[in-house]
Amino acid sequence: MSSIRVVLTVTPASPELFAGLKDVPARLRAERVRTLATLGLAAVSGGIIPATAATPPHAPAGRQSHGAPNRALSFAKSLGDGV
């Protein structure tokens, strides 16, 4: 089996990721990043729709909630466009 080694430094420049990893024990962070990457790949390929992107029951049809998760999803999808 082949493998790819990735050395990753996460700084507050990526605030959502930094906040999501800062309380994870150091030995479990790699697994958490693998899980997040897998979810990101599924989102890019259209395999998942995040709950925050769903239309809230009180919002008019066709409107989505806005915020960091939607920006992150849009950015992840843009990364997949070049593949």
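**Figure 1. Contacts and fold of the protein chain.** Of the contacts (heavy atoms within 4.5 Å) in the protein chain with a separation of 6 or more, 26% join residues 24 or more positions apart. The protein chain has three helices and zero strands, and its pattern along the sequence is α-α-α; helices (H or I, at least four residues) and strands (E, at least two) are DSSP runs, numbered from the N terminus. This is a predicted model, in which local features need pLDDT of at least 70 and side-chain atom pairs count only at pLDDT 80 or more, while totals for chains, interfaces and linings use all residues. Residues are numbered from 1 along each chain as its sequence is written, and side-chain values use heavy atoms, with hydrogens and water left out.

**Figure 2. Surface of the protein chain.** The accessible surface is about 6,900 Å² (Shrake-Rupley method, 1.4 Å probe; for residues, only the protein chains shown count as cover). Carbon and sulfur atoms hold 62% of this surface. Of the 83 residues, 8% count as buried; buried means under 20% relative accessible area, exposed over 50%, and partly exposed in between (1.4 Å probe, protein chains only).

**Figure 3. Nonpolar patch at Ile4, Val6 and Leu8.** Together these three residues have about 360 Å² of accessible area on the surface. Patch residues have over 30% relative accessible area and no salt bridge; like charges are joined within 9 Å, and nonpolar side chains (Val, Leu, Ile, Met, Phe, Trp, Tyr) within 5 Å. A salt bridge is a side-chain nitrogen of Lys or Arg within 4 Å of a carboxyl oxygen of Asp or Glu. Val6 lies in the segment before α1 (15–22) and is exposed, at 64% relative accessible area.

**Figure 4. Phe18 in helix α1.** Phe18 is partly exposed, because its relative accessibility is 31%. Leaving out residues up to four places away in sequence, Phe18 touches Val10, Thr11 and Pro12.

**Figure 5. Helix α2 and Gly46.** Helix α2 (residues 29–44) has 16 residues and should span 22 Å at 1.5 Å a residue, which agrees with the 22 Å between its end C-alpha atoms. The expected span is 1.5 Å times one less than the number of residues. Just after α2, Gly46 has a positive phi of about 85°.

**Figure 6. Confidence along the protein chain.** The average pLDDT (the predictor's confidence in each residue, from 0 to 100) is 77, and 58% of the residues score at least 70. Among the elements, α1 has the highest mean pLDDT (94) and helix α3 (residues 68–80) the lowest (65). Over residues 62–66 pLDDT stays under 50, and the model has eight contacts for them beyond four places in sequence. Where pLDDT is low, the predicted coordinates should not be read in detail.
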